[in-house]
Amino acid sequence: MTLPSYTMNQASFPEMYERWLVGPLFRPWAEMALDELELSSGDRLLDIAGGTGIVARVARERLGEAGYIVGVDISPDMLAVARAVEPAIDWRQGNAGELPLRNGEMFDVVVCQQGLQFFPDKPAAAAQMRRALAKGGRLAIATWRPDDEIPFFRELRRVAERHLGAIANQRYSFGEAAPLEARLRDAGFHEVRSRIVSRTIHFGEGVPFLHLNTMALVGMSSLAKEMGDQECKRVVEAIVSESVPVLQPYTNGSELAFELSTNLATAKG
């Protein structure tokens, strides 16, 4: 998730991410991807761009001590939370385009959940995934579908654009499945397949989600790059306030629920 600089200077942001987003938003998709990969006892698994590490942690729950799990993320602050939550996993700071792997280190399973769309050099990242995957190993990559297909997120973006102009939302930049499949084939993967998966996401409270989503939109806007931190904070609060009515059709009592769709691509090494 791309964020304004002032949010990344707040030590609490990774905890906010873990508290408000990981359980309702990212864990269900992590479970789905690992179901698809059919983990086996003794698997060696690499989670790339894992944030606070929910994919690696669910894999740990399923494999126990019989599996070996490595989680990689570029953010030391995200990894600090990951280590605090599950110290038994091998957490490593590193770039997806140059993975921090030991000499000859390979994995039976490689997963990248909602990360590939953010990488500046996607061919290099795909090549690194292929390098990390053992012969016959299994890969799963998830990328969100375009937000034009997701009315809730489309409307939130339009509110933000009234303050910021057009926003190139990186979260949905690999929204179509065909380019994703082509990228994996070009990297040398075999048996490349993809499908679209949709599900209803439930949040116990809507406003914390709205605030984090708005920070992401502000961080991805060109105009915000010219703002100071105080101006960014002011704009975030204005967008949050104007976005509250968008929540209403998706709210029942205090619970927020909306449909979300992702591409799930799988391949073998």
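In which hand does H8 pass H9? The crossing of H8 past H9 is right-handed, where a crossing is left-handed if the near helix is turned anticlockwise from the far one by less than a right angle, and right-handed if clockwise. The model is predicted: local features need pLDDT of at least 70, side-chain atom pairs count only at pLDDT 80 or more, and totals for chains, interfaces and linings use all residues. Residues are numbered from 1 along each chain as its sequence is written, and side-chain values use heavy atoms, with hydrogens and water left out.

**Overall fold**

- The protein chain has nine helices and eight strands; helices (H or I, at least four residues) and strands (E, at least two) are DSSP runs, numbered from the N terminus.
- The radius of gyration is 18 Å, close to the 18 Å that the globule rule gives for 269 residues, so the chain is as compact as a globular protein of that length. This radius is taken over C-alpha atoms, and the rule is 2.2 Å times the number of residues to the power 0.38.
- The C-alpha trace spans about 50 × 40 × 35 Å along its principal axes.

**Annotated domain**

- An unreviewed UniProt entry carries the annotation "domain: Methyltransferase type" for residues 46-141; such annotations may be inferred rather than shown by experiment, and feature names are shortened.
- Over residues 46-141 the chain is 32% helix and 30% strand, with the end C-alpha atoms 12 Å apart.

**H8 with H9**

- The axes of H8 and helix H9 (residues 229-247) come within 9 Å and cross at roughly 130°. Axes are lines fitted to C-alpha atoms, for helices over the stretch in contact, and angles run from 0 to 180 degrees between N-to-C directions.
- That angle makes H8 oblique to H9 (under 35 degrees is roughly parallel, over 145 roughly antiparallel, 65 to 115 roughly perpendicular, and the rest oblique).
- The contact (heavy atoms within 4.5 Å) includes Leu 210 and Val 218 of H8 and Val 236 and Ile 239 of H9.
- By class, this contact of H8 with H9 has 11 nonpolar, four polar and one charged residues. Ala, Val, Leu, Ile, Met, Phe, Trp, Tyr, Cys and Pro count as nonpolar, Asp, Glu, Lys and Arg as charged, and the others, Gly among them, as polar.

**H6 with H8**

- Helix H6 (residues 151-164) packs against helix H8 (residues 206-220) at an angle of about 55°, with axes 10 Å apart, which makes H6 oblique to H8.
- The crossing of H6 and H8 is right-handed.
- Among the contact residues are Phe 152 and Phe 153 of H6 and Phe 209 and Leu 210 of H8.
- The contact of H6 with H8 divides into nine nonpolar, one polar and one charged residues.

**H2 with H3**

- Helix H2 (residues 13-37) and helix H3 (residues 54-63) have axes that come within 8 Å and cross at roughly 55°.
- H2 and H3 are therefore oblique to each other, and their crossing is right-handed.
- Residues that meet include Glu 18 and Arg 27 in H2 and Arg 57 and Glu 61 in H3.
- The contact of H2 with H3 has eight nonpolar, no polar and seven charged residues.
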